Amino acid sequence: GHSERLLARAFAGRRDRVFAFPLMVSTLWFAHDLSFVLRGFDWFGTYHHWYVELFFVALIPTMLFELFFIRQVWTYGQAEIMPSASRRQFALFILGAEVAGLIIWFATKEVLGDPIYAFTFGGVAALAPIMAVRRMIQRGDSKGQSPLLWLSFSAMLVCWYTAVWLFFGPAFKTVPQVLLALMAIGGGLVMARLSSRGGALKLGA
């Protein structure tokens, strides 16, 4: 049906048999969101504010998508990442990457001074277009990417930064913060354009 076609357009990795997001991006996103969800009692008890409560609810399905993207790496990524490894060795590599990502993120989060994740969501999201462009250059084409996926990414960040600018004060309206927002949103739009022809788009053509 229409929903199936929409999902197929959004998640082109299955169509092209490649992973959409580099493992580092999916791992960082998952670690970030898991650390937030694990603090559910804080959000609904200590803070009891609509922002963190809605964010908590939104990140539960988001984590499922992140696990889906990590599974894509397992399903399609071995030939690209570790072609000479066995499936067991590749599985251990992915598991190790997830454990390392969780450790690094939790250790980093402790010293960021951002208790309600007002900065970190946009900060970790900004890495995605950069790493995706790098992977696209390595592949030499835009397989695994789709305009719908990246337009949704940019639309999500427009909503996010609009809320941050409206409700979180001048600290998020500085030049570096605005440039970070423009880089992340613009990066998603660039990726949407580059992936507009699906896997047929050849870089440099």
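The expected span of a helix is 1.5 Å times one less than its number of residues. With that rule in hand, select helix α9, residues 127–139, in this predicted model. Helix α9 has 13 residues and reaches 18 Å from its first C-alpha to its last, close to the 18 Å expected.

Next, show the side chains of Ala128, Pro129, Met131, Ala132, Arg135, Met136 and Arg139, the buried residues of α9. Seen down the axis of α9, these buried residues fall within an arc of 170 degrees, so they line one face of the helix. An α-helix has 3.6 residues a turn, so residues three or four places apart point the same way.

What do the buried residues of α9 pack against? Colour α3 (23–37), α6 (78–81), α8 (120–125), α10 (147–167) and α11 to see these partners.

**Salt bridges**

The structure holds four salt bridges. Select Arg135 and Glu80: their closest N and O atoms are 3.2 Å apart in a salt bridge. Arg135 lies in helix α9 and Glu80 in helix α6, so this pair ties together parts that are 55 residues apart in sequence. Arg135 counts as buried, at 16% relative accessibility, whereas Glu80 is partly exposed at 28%.

Through shared partners, salt bridges join Glu80, Arg135 and Arg139 into one network.

Another salt bridge is found by selecting Asp42 and Arg39, with 3.0 Å from N to O. Asp42 is partly exposed at 27% relative accessible area, and Arg39 is partly exposed at 25%.

**A residue in α11**

Centre on Gln177 in helix α11, residues 175–194. Is Gln177 buried or exposed? At 18% relative accessibility, Gln177 counts as buried. Beyond its neighbours within four places in sequence, Gln177 is in contact with Phe119, Ala171 and Phe172.

**The whole chain**

Finally, zoom out: the chain has eleven helices and zero strands. Its C-alpha trace spans about 50 × 35 × 35 Å along the principal axes. A compact globule of 205 residues would have a radius of gyration near 17 Å, and the 18 Å of the chain agrees. Colour by accessibility to see the buried residues, which make up 45% of the 205.

Key. Residues are numbered from 1 along each chain as its sequence is written. This is a predicted model: local features need pLDDT of at least 70, side-chain atom pairs count only at pLDDT 80 or more; totals for chains, interfaces and linings use all residues. Side-chain values use heavy atoms; hydrogens and water are left out. Helices (H or I, at least four residues) and strands (E, at least two) are DSSP runs, numbered from the N terminus. Buried means under 20% relative accessible area, exposed over 50%, partly exposed in between (1.4 Å probe, protein chains only). Contact means heavy atoms within 4.5 Å. The arc is that of the directions from the helix axis to the C-beta atoms. The radius of gyration is taken over C-alpha atoms; the globule rule is 2.2 Å times the number of residues to the power 0.38. A salt bridge is a side-chain nitrogen of Lys or Arg within 4 Å of a carboxyl oxygen of Asp or Glu.
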